[in-house]
Structure formats: C-alpha cells, structure tokens
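The sequence and model come next.

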Amino acid sequence: MQLLISRCFNQRFFATPSKTASLLLRFGCLQQRLYNEKRNYWQYLKQKIIKKPSPPYQHVCQVGDPILRSKASPVNTSELHSPQMAKLIRTLVMVMREKNCIGLSAPQIGVPLQVIAMEFTEQIFQTNRPSMRQIKEMNPFSLKIFINPSVRVLDSRTVQFPEGCESISGFAACVPRYHAVEIMGLNEHGQPIVWQTSGWTARIVQHEMDHLNGILYIDKMDSKTFLNINWIVLNE
C-alpha cells in the first residue's frame, strides 16, 4: 500500500480526484476479496474439522425450518426396537429435559417421524402458583412416550390459555384447546397404550399432536394475545 501511495505522489495522481477515487475503489475491492478468501478458507477448515450435526439434533428446530411444517411419517413396526429408534427416543427425552419443557416431538429435533415425549415433573408443577394450577387443571405426570399416536376428543368444550413452544422460542399466545382427549399409540417398548387426559395434560397432548401434522400453535392462537415473554424485562 505504501508503494502505491508513493506512486500516487510521484505521478501526481493526488491532484486528480477521479483517479484518486478509482485507486481507492481498487484498494477496497482488493481488501474485500482478501477478506472473502480468508473467510471461505476458515469456513472450509471448520467444515473439515467440525462435523456438521445430523438428526436427531441435540437442539430444537426453530420456526422457519421446513420440517416443522411437514406431516410426520408413521414409524415402521420393524423399526420399533432398532438402535436408531432407541437413539431417537433417548435424544428426544434428553433435549426435552435440558430445555425444561413438558413435551417435545420428533420433528422438533429434525426427525419427521410420529414420535412424541411428554413429562410434567413435580418440579415444573411447583413453579406454577396454586391458583393457576387449579384454574388450568394442572397435574404432574411421569414420562410418556407415544409412537404412531392418534387422538380422540372426549370433551369438545374448548378452553383458552397461554401456550409457548420451544420451536417459537421467547413467545407465547392464548390458544383454544379441547378440554379432554384420549391418546392411543405404542410406548417405547412397542406395547399398545391408551391415556385419557383432561385439563392442562390434554392441552399438552394436543400441542404435541399438532407438531406431527405440521401445525404450530400460532396457527390456532388468538393473534391479539401473541407476545414476547421478555417484554417487561426489556423495558426495565
């Protein structure tokens, strides 16, 4: 660069604005090209050294990912006891617990199969005020795994309460749900299981079943109640 500047003075380029601008433009293009080459080189090294993650992910896919808008496929019965299915269920439960959430579906970790996990621990239950537990009809329950589930409405009355979703992180909205539903499917051992639910548990079931059909709660929400859960903190 010093050599080029010296040439500018020697050839009196500095006295010609158009030539000076042209020279500066060439400098800028050169610097940008060098930056791009350096960045591409490091991206290349990163791809070679760090293996790109593959499903089942250890993170939750976010809205915008096409898999969240696709219908999940049934699990083939011949795959129920496969190492791949065991890994999927293990990862699903691990991510659900790490995120401290009460339900997660296979599509949310990048696998388009009809598998859901749900668990409402006593610890999470206790984070809700007693009055809210009663109003929302909350009851803790142990880990439930459903493979190829189907749902039947037991009580068609709808109840509207706020919901969140790990795939729409940081937001919530009021969503109408049936008061009681029955879910049927296979457990992690491939055995038939039927579970009748009501209140908050029925809401969890319906939320996770929607994921298997490419539906998000924002498709059913009252749009006027949609909010960022951190809005108060941001204003402080």
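The model is predicted, so local features need pLDDT of at least 70 and side-chain atom pairs count only at pLDDT 80 or more, while totals for chains, interfaces and linings use all residues. Residues are numbered from 1 along each chain as its sequence is written, and side-chain values use heavy atoms, with hydrogens and water left out.

Asn100 is not a glycine, yet its phi is positive, at about 60°. The residue sits in the loop between H3 and strand S1 (103-105). Asn100 counts as exposed because its relative accessible area is 53%. Glu137 also has a positive phi in a residue other than glycine, near 55°. Its loop runs between helix H5 (130-135) and S3. With a relative accessible area of 34%, Glu137 is partly exposed. Another backbone feature is a cis peptide bond between Pro55 and Pro56, with omega about 0°. Pro56 belongs to the loop between helix H2 (17-49) and helix H3 (83-98).

**Overall layout**

Helices and strands are DSSP runs, numbered from the N terminus: H or I over at least four residues for helices, E over at least two for strands. On that basis the chain has seven helices and six strands. Their order along the sequence is α-α-α-β-β-α-α-β-β-β-α-β-α. Of the 236 residues in the chain, 37% are buried. The chain exposes about 14,800 Å², and carbon and sulfur atoms supply 55% of this area; accessible areas come from the Shrake-Rupley method with a 1.4 Å probe, and for residues only the protein chains shown count as cover.

Contact means heavy atoms within 4.5 Å. Among contacts in the chain with a separation of 6 or more, 67% are between residues 24 or more positions apart.

**Around Ile116**

Ile116 lies in strand S2 (residues 115-120). It is buried, at 0% relative accessibility. Beyond its neighbours within four places in sequence, Ile116 is in contact with Leu92, Leu104, Ser105, Lys144, Ile145, Phe146, Pro149, Ile183, Glu208, Met209 and Leu212. Ile116 and His211 are 95 residues apart along the chain, and their C-alpha atoms are separated by 9.0 Å.

**Cysteines**

**Pocket and cavity**

Rolling a probe the size of a water molecule over the atoms shows where empty space is left. The search uses a 1 Å grid over the protein atoms alone: a cavity is a set of points where a 1.4 Å probe fits but cannot get out, a pocket is an open set with protein on both sides within 12 Å along at least five of seven lines, and lining residues have an atom within 4 Å of a point. Grid points are joined across faces, edges and corners, and a volume is the space filled by probe spheres set on the points.

The largest pocket holds about 920 Å³ of space. It is lined by 32 residues, and the closest to its centre are Ile102, Glu163, Gly164, Cys165 and Trp200. Strand S3 (141-164), strand S4 (171-186) and helix H6 (199-212) are the elements that give two or more residues to this lining. The structure also holds one cavity of 30 Å³ or more. Its lining consists of Cys165, Arg177, His207, Asp210, His211, Ile215, Leu216 and Tyr217.

Technical notes: Buried means under 20% relative accessible area, exposed over 50%, partly exposed in between (1.4 Å probe, protein chains only).
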